[in-house]
Amino acid sequence: MIFYITRRLIWTAVVILAVVAVTFAVFFLLPNGNPALRFCGKSPSQECLTLTTQRLHLDKPWYVEFGYFVKN
């Protein structure tokens, strides 16, 4: 019984990690261009883009972005 519960918990963690990874890829990696443009609106100012880029950590490598995404 313990083996069954342990196996189910491991698969639950794998499924959750896969869903989070796919969600991150859809919103941050797949679209062309700067993701900050989608968050700032139709006619963003340079200040808004810079602030959004810093807040979302888009100026860092993808694996650091993913870490912040999972953390938040």
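## Helix 3

Which residues in helix 3 (residues 46-55) are buried? In this predicted model, they are Leu49, Thr52 and Thr53. Viewed along the axis of helix 3, these buried residues fall within an arc of 100°, so they line one face of the helix. An α-helix has 3.6 residues a turn, so residues three or four places apart point the same way.

The other side of helix 3 carries Glu47 and Arg55, which are exposed. Helix 2 (36-40) is included in what covers the buried residues. Just after helix 3, His57 adopts a positive phi of about 60°.

## Aromatic pairs

The whole structure holds 6 aromatic pairs. One of them joins Phe24 and Phe66: the ring centres are 5.3 Å apart and the planes sit at 75°, so this pair is edge-to-face. Phe24 belongs to helix 1 (residues 2-29) and Phe66 to helix 4 (residues 62-71), so the pair ties together parts that are 42 residues apart in sequence. Both Phe24 and Phe66 are buried.

Phe28 and Phe69 also form an edge-to-face pair, with 5.7 Å centre to centre and 70° between the planes. This pair links distant parts of the chain, with Phe28 in helix 1 and Phe69 in helix 4, 41 residues apart. Phe28 has 14% relative accessibility and therefore counts as buried. Phe69, at 29% relative accessibility, counts as partly exposed.

## Aromatic cluster

Which residues form one aromatic cluster? Phe24, Phe28, Phe39, Phe66 and Phe69 do. Of these, Phe24 and Phe66 are buried, while Phe69 is partly exposed.

Key
Residues are numbered from 1 along each chain as its sequence is written. This is a predicted model: local features need pLDDT of at least 70, side-chain atom pairs count only at pLDDT 80 or more; totals for chains, interfaces and linings use all residues. Side-chain values use heavy atoms; hydrogens and water are left out. Buried means under 20% relative accessible area, exposed over 50%, partly exposed in between (1.4 Å probe, protein chains only). Helices (H or I, at least four residues) and strands (E, at least two) are DSSP runs, numbered from the N terminus. The arc is that of the directions from the helix axis to the C-beta atoms. Contact means heavy atoms within 4.5 Å. Rings of Phe, Tyr and Trp (its six-membered ring) pair if their centres lie within 6.5 Å; planes under 30 degrees apart count as stacked, over 60 as edge-to-face and the rest as tilted.
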